[in-house]
Amino acid sequence: MTFSGFKVVKEALTGHKGWRPLWRDPDPKPAYDIVIVGGGGHGLATAFYLAHTFGELKVAVLEKGWLGSGNIGRNTTIIRSNYLLPGNEPFYEFSMKLWENLEQETNFNSMVSQRGIINLIHTDGQRDAYRRRGNAMLLAGADARLLGRDELRQMVPFLNYDNPRFPIKGGLMQSRAGTARHDGVVWGYARGADQRGVDIIQNCEVTGFRIEGGAVQGVETSRGYIGAKKVGVAVAGNSSRVMSMAGMRLPIESHVLQAFVSEGLKPTIPGVITFGAGHFYVSQSDKGGLVFGGDIDGYNSYAQRGNLPVVEDVIEGGMALMPMIGRARLLRAWGGVMDMSMDGSPIIDRTDIDGLYFNGGWCYGGFKATPASGYAFAHLLATDRPHETATAYRFDRFARGHVIDEKGVGAQPNLH
Amino acid sequence: MLIPHPLLGLRDAQEFTYLGDASLMQRPDPTRDDAEEAFADYVFLRDNPAGVHRELWFHEAGDRSWLVVTRDTTTHEILGAELASDVKPGGAQ
């Protein structure tokens, strides 16, 4: 089944009886060439690019629950590539380019909307930092533009420009950034992978690895043993838990990050706005809800729910930035479990166990990375070499002192 | 969350600063031959369990004591709290 304008019109005229499920529901086979653990955005994107780009056909994705039940369904849907460091910026710009072509490649409407992102500037020092960041983005082939206060005021007049503590002095704009529909991303990748022969196996929890002579043979699951030549783990949020079954300790702590959505409003906020000084970011969904969030709760958690003090902190940030937000009613809040790595940057690498590969440590930046993470991980699984944009995301960077510390807060994950 | 401080009773977790795994009190011996490797593991690697976790909380807005709090990371239930100086007399090495 291919989606097209013609198909939509035909179904509309014939009672919508021709739509079919987007992917099969197969039983696990005894063995595969490559098994991906984790049916989230990154796992499904990996499977899609393995089948689509690298010609790997005997691939399975194992998901302990249902597709979209993890962090891909619990984020704020922002896509952007406004990073600074050489280890990061080319990777996220690669991701941005994949986003721009995602819907054509998967033949699925993932509602990629390049409505722009603005990072607000409050001090002269911050302006210098953002000018430098903008230049780094331009050098990596991304787009960036410094906005003055007057231009910014015309674009987003509703901000509190004269906040005594954080007066707004301008912004750094990336016009190609924006949002995508998170569920549409899961469904598009799942459908695309399935159409190319990948078995997506839901309700199949990995309970252990079978490792013989330092090489992985397969995985034990709640639906029996599944053999595999290679196993790729992409279970961000639960990385430590899963990799501990293979006897590994990771430079990762799990923390919860909350996000919020208001009642539906008329179009109010044109793009994404971030308030780094108070740590608050906001966009408006296609349904009209204001989607916003702030800091992580700051202590280890696997609970997928947060606590009230951070709700208060985030709302205070929102009220300081745009007092009008106080007129909107809060509809719901949710928490996702973040793999907080020790330098705030991800890991895509082989492990010391032959045939076992790892992708995780995305902190709270995993959604925007979904396409490039999948592509780079598929590249590593298929060729045993890191993708050119992901060469810095190695395990040994911590011990070697080559950390990619984008926020400059070092080895304390609750500060990232 | 309310933390049962052994001296002060139930206190709001907002009065505390979180440091992480209580095993951070066991600092490696810097004179050992493998000290470099041991310190890289100490600084960067974590057990990060889903379930019962012993962790360090600093009562920054209170009596400035360090506590070892036992907490379930899947439910946020707090199972107990002790003074770090009782857990490890003489302080962290």
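Across the interface of domain 1 of chain A and domain 2 of chain A, 16 residue pairs are in polar contact, with both residues at pLDDT 80 or more. On the side of domain 1 of chain A that touches domain 2 of chain A, the elements giving two or more residues are β3 (78-79), α3 and α7 (239-244) of chain A. The most comes from α3(A), with six residues. The model described here is predicted.

Two salt bridges are also found across the interface of domain 1 of chain A and domain 2 of chain A. Elsewhere in the list of charged pairs, E100(A) forms a salt bridge with R176(A), and their closest N and O atoms are 2.9 Å apart.

## How the domains are laid out

How is chain A divided? Domain 1 consists of the segments 24-81, 84-107, 182-251 and 344-400, and domain 2 of 113-178 and 254-341. The C-alpha centres of domain 1 of chain A and domain 2 of chain A are 28 Å apart.

In this predicted model, 32 residues of domain 1 of chain A are in contact with 33 residues of domain 2 of chain A. About 2,600 Å² is buried between domain 1 of chain A and domain 2 of chain A, and carbon and sulfur atoms give 54% of that area. Within domain 1 of chain A, the residues that lose the most area to domain 2 of chain A are R74(A), L84(A) and Y364(A), which together account for 27% of what that side buries.

## The nonpolar cores

In soluble globular proteins, nonpolar side chains tend to be buried together. The largest nonpolar core in this model has 48 residues. Those with the most contacts inside this core are L44(A), Y49(A), F91(A), W99(A), Y189(A), V198(A) and I348(A). At least two residues of this core come from each of β1 (31-37), α2 (41-52), β2 (59-62), α3 (89-106), α6 (182-195) and α9 of chain A. Of these elements, α9(A) gives the most, with nine residues.

Which residues does F91(A) contact, leaving aside its neighbours within four places in sequence? They are I348(A), W362(A), A369(A), A372(A), S373(A), A376(A), T389(A), A390(A) and Y393(A). Another core, of 30 residues, lies apart from the largest one and includes Y32(A), V35(A), V219(A) and I353(A).

## The place of H387(A)

H387(A) is in the loop between α9 (366-383) and α10 (397-400) of chain A. Is H387(A) buried or exposed? H387(A) is buried, because its relative accessible area is 8%, and buried means under 20%.

Not counting residues up to four places away in sequence, H387(A) touches F94(A), Y375(A), A376(A) and H379(A).

## Where chain A meets chain B

How many residues of chain A are in contact with chain B? The contact involves 24 residues of chain A and 22 residues of chain B. The area buried between chain A and chain B is about 2,100 Å², with 52% given by carbon and sulfur atoms.

Two salt bridges are found across the interface of chain A and chain B. E253(A) forms a salt bridge with R46(B), in which the closest N and O atoms are 3.1 Å apart. Between chain A and chain B there are 14 residue pairs in polar contact, with both residues at pLDDT 80 or more. The side of chain A that touches chain B receives two or more residues from each of α7, β12 (252-264), β15 (289-300) and α10 of chain A. The largest share of that side, four residues, comes from β12(A).

Terms used. Residues are numbered from 1 along each chain as its sequence is written. Chains are lettered from A and ligands numbered from 1 in the order in which they are written. This is a predicted model: local features need pLDDT of at least 70, side-chain atom pairs count only at pLDDT 80 or more; totals for chains, interfaces and linings use all residues. Side-chain values use heavy atoms; hydrogens and water are left out. Buried means under 20% relative accessible area, exposed over 50%, partly exposed in between (1.4 Å probe, protein chains only). Contact means heavy atoms within 4.5 Å. A nonpolar core is a set of buried Ala, Val, Leu, Ile, Met, Phe, Trp, Tyr and Cys residues joined through side-chain atoms within 4.5 Å. Domain bounds come from an automatic or database domain assignment. Buried area is the accessible area (1.4 Å probe) that two parts lose on being put together, summed over both. A salt bridge is a side-chain nitrogen of Lys or Arg within 4 Å of a carboxyl oxygen of Asp or Glu. A polar contact is a pair of N or O atoms within 3.5 Å; within protein, one must be able to donate a hydrogen and the other to accept it, and residues adjacent in sequence count only if both atoms are side-chain atoms.
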